[in-house]
Amino acid sequence: MAAKTFPVEASHILMFARSVGDDNKVYSDPDYAKTTEAGGIIAPPTFAQSSAQFDPDYFLRPKIGQPWFGSGKNPTGAAPRGGGGGGGGGGGLHAEQHFEYHRHLKPGDVLTATNLPGKTWEKEGKRSGKLVFSESVTEYRDQNGELVITARGVGVRTERPVDQSKENA
């Protein structure tokens, strides 16, 4: 879930580009960026995903004073959400992410994110039973109400965990 409003600042763009290892000067050098088709500094393609950092309820953000189920091998004292993957004892994962840009995202934009329902479909898996795919759609509009980015994510949940003993036999 994205934050309701999300300010786009040049320093955020610079740090995001550095964090993904992209040294394109269009993300950091105003003089260079003026000479490009974009005409100024712009954000990297997946930058809109960082809107989560402005959402105090973002589920992956550690909460002060609360145990956190981190990304390490062992949990830090908190149980995984949904009993380890949710319905049916299976697991879930992020399967796809698509970003459709309607224009360049640039410093000074203030985006408003709206989450919309997407499609849901099922497929029979070979080792994990039914696979349930669900799409989420987030529209990012600028301070003038114009659509800037449409982000689509697809998650998949399995009916049951893959039996590892059969995998290793």
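A search of the whole structure finds 7 salt bridges, a salt bridge being a side-chain nitrogen of Lys or Arg within 4 Å of a carboxyl oxygen of Asp or Glu. The structure is a predicted model, in which local features need pLDDT of at least 70 and side-chain atom pairs count only at pLDDT 80 or more, while totals for chains, interfaces and linings use all residues. Residues are numbered from 1 along each chain as its sequence is written, and side-chain values use heavy atoms, with hydrogens and water left out.

The protein contains 4 helices and 5 strands; helices (H or I, at least four residues) and strands (E, at least two) are DSSP runs, numbered from the N terminus. Read from the N terminus on, the elements follow the order β-α-α-α-β-β-β-β-α. Of the 169 residues, 29% count as buried, where buried means under 20% relative accessible area, exposed means over 50%, and partly exposed lies in between (1.4 Å probe, protein chains only). The protein exposes about 11000 Å², and carbon and sulfur atoms supply 53% of this area. Such areas come from the Shrake-Rupley method with a 1.4 Å probe, and for residues only the protein chains shown count as cover. Among contacts (heavy atoms within 4.5 Å) with a separation of 6 or more, 59% are made by residues 24 or more positions apart.

Side chains of opposite charge can pair when their charged atoms come close. R103 is partly exposed, at 22% relative accessibility, whereas D109 is buried at 2% and D142 is buried at 5%. Together with K106, these residues form a network of salt bridges that links R103, K106, D109 and D142.

Another salt bridge joins E135 and R152, whose side chains meet at 4.0 Å, N to O. This pair also links distant parts of the chain, from E135 in strand β4 to R152 in strand β5, 17 residues apart. E135 is buried, with a relative accessible area of 17%, while R152 counts as partly exposed at 30%.

The aromatic residues come next. A pair of aromatic rings is described by the distance of the centres and the angle of the planes. Across the whole structure, 4 aromatic pairs are found; rings of Phe, Tyr and Trp (its six-membered ring) pair if their centres lie within 6.5 Å, and planes under 30 degrees apart count as stacked, over 60 as edge-to-face and the rest as tilted. F6 and F47 form a stacked pair, 5.6 Å centre to centre with 25 degrees between the planes. The two lie in distant parts of the chain, F6 in strand β1 (residues 5–7) and F47 in the loop between α2 and α3, 41 residues apart. F6 is buried at 1% relative accessibility, and F47 is buried with a relative accessible area of 1%. The rings of F16 and F47 have centres 5.4 Å apart and planes at 85 degrees, so this pair is edge-to-face. Here helix α1 (residues 10–19), which holds F16, is linked to the loop between α2 and α3, which holds F47, across 31 residues. F16 also counts as buried, at 14% relative accessibility. Ring pairs link F6, F16, F47 and F54 into a cluster.

A last stop is G40, found in the loop between α2 (30–34) and α3 (82–85). G40 is buried, with a relative accessible area of 17%. Leaving aside neighbours within four places in sequence, G40 is in contact with V26, A33 and K34. The C-alpha atoms of G40 and K106 are separated by 7.7 Å, although the two are 66 residues apart along the chain. K106 also belongs to the salt-bridge network with R103, D109 and D142.
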